[in-house]
Amino acid sequence: MHLGDSFGSSLSSIWSHKLRSFLTLVGIMIGVAAVVTMFSSVSGIKLLIMKRMEAMGWDRSIVIYPSSGENQNHRRRGRFMYMNRRARPLSYNDYLTLKKEIDHKHMYGRIDQWQQFQDGESREWVRLTATNNDFFLNKTYPLRDGRYFSTFEDKTNARVCVIGHFFAEKYFSKENPIDKTITIGGNRYRIIGVLSHDILNNGKAQMNPWDRRWDLKAVYIPLSTGSQLLRQHRALDNIYVQARKDQDYNLMKTHVFQTILASHSMAHDFAFDDVGSFMAKITTEINQFMKTWNITLSAIASISLLVGGIGLFSTLLISINEKMLEIGIRKSVGAKELDIFSYFIIEALTLSLLGTFVGITFSMMLVRQVGKPMGFTLPMPIEGILLGIGFAIFIGFVSGLYPAIKAAKVDPIRAIFYFE
């Protein structure tokens with residue numbers, strides 16, 4: 001018997017017993033849907049966490065900041081017994097040196113200072129931050145109106161500013177702030193851009209919302225302008241550097257350390273926050289946790305497939321008794337045991353695969369509904385779909401194996417006269 005004939009006969013048999021076939025499919029369908037949905041949900045949550053951490057600029061990054069600032073005496077042997085190196089803060093020149101020497105994805109310096117903002121007759125304290133455009137790109141703060149700082153403005157210490165979304169809502173709710181002039185700390189700045197709302201935390205799954213809300217309440221000026229107006233000796237509070245790829249991170253970190261050390265005459269008057277290594281450790285722990293959780297959930301969901309397999313096993317045993325005459329006639333006209341075995345095993349696999357495809361379709365709808373409350377579309381990873389199909393084929397084959405062997409061993413004479 002050809003496989004095509006066996007498949008056609010299987011579909012005909014399934015269609016002729018619609019209710020029984022449907023009840024058999026339900027167990028397999030629920031099992032496959034549970035396996036695929038669990039796998040997709042865990043993978044989606046993991047992907048969401050990774051994307052949020054990357055969008056917030058936490059991966060592959062280091063932050064350089066001044067140390068205590070005390071004078072450091074270094075004892076030396078040989079010709080020079082002592083060398084006195086005065087500690088000095090990070091400066092705008094250090095930032096320019098790093099920007100020139102270091103291969104990076106994002107790099108920005110930063111100065112934060114609270115100053116008084118004059119709003120008509122009243123004065124309020126606002127956070128004035130000096131930085132450059134990489135800060136907005138790294139933190140994923142897009143523009144609502146206007147533009148970021150131009151290269152010319154950054155080089156010429158221009159007194160322009162970009163205001164946060166909440167700052168604009170509070171002080172310019174009834175007018176367009178672009179090209180308006182504001183006074184902060186006795187200095188006047190022209191507004192050239194307005195940041196949009198926090199697009200990363202617009203759903204229920206939020207990360208670091210408090211800090212990001214403060215960022216969107218601030219006023220931003222070019223780093224060169226801030227280093228000249230807000231600090232002596234053009235000092236910076238910190239410098240952030242992010243590597244392009246994971247494999248470049250350690251080399252970049254070493255290069256940054258050596259560059260700053262050479263710039264500061266070998267004085268260790270700075271420190272690092274190794275954010276990238278910390279986030280890599282967290283990522284490894286998340287991956288391990290998700291892997292364990294995935295295995296656990298998949299094992300639990302597979303119980304539904306086992307129940308469906310038991311139902312399929314019972315259906316095939318009943319089918320043998322119903323088709324006893326058909327088996328006898330097939331064998332009497334030359335069908336071999338392998339042909340009868342193939343007929344029943346293909347019917348088992350057909351039932352199982354039908355349930356699988358219905359279950360995958362159902363899981364796609366379910367995953368879409370699960371992702372809505374989080375404000376994130378959960379993916380349908382191919383691994384989860386293949387796992388569901390693999391489970392279903394295995395259950396279908398195992399469930400149909402004994403009935404197929406039993407049907408293949410039936411004596412044709414007894415089969416023909418089975419109902420007499």
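By class, the largest pocket is lined by five nonpolar, three polar and five charged residues. Ala, Val, Leu, Ile, Met, Phe, Trp, Tyr, Cys and Pro count as nonpolar, Asp, Glu, Lys and Arg as charged, and the others, Gly among them, as polar. This is a predicted model, where local features need pLDDT of at least 70 and side-chain atom pairs pLDDT 80 or more, while totals for chains, interfaces and linings use all residues. Residues are numbered from 1 along each chain, and side-chain values use heavy atoms, without hydrogens or water.

Now the helix. In α3 (residues 92-101), Tyr-92, Asp-94, Tyr-95 and Leu-98 are buried, meaning under 20% relative accessible area with a 1.4 Å probe, protein chains only. Helices are DSSP runs of H or I, at least four residues, and strands are runs of E, at least two, numbered from the N terminus. The face turned away carries Asn-93 and Lys-100, which are exposed, that is, over 50%.

Last, the cores. A nonpolar core is a set of buried Ala, Val, Leu, Ile, Met, Phe, Trp, Tyr and Cys residues joined through side-chain atoms within 4.5 Å. The largest has 38 residues, and Val-256 is among those with the most contacts inside it. Helix α9 gives the largest share of this core, five residues. Apart from it lies another core, of 16 residues, including Val-63 and Phe-135.
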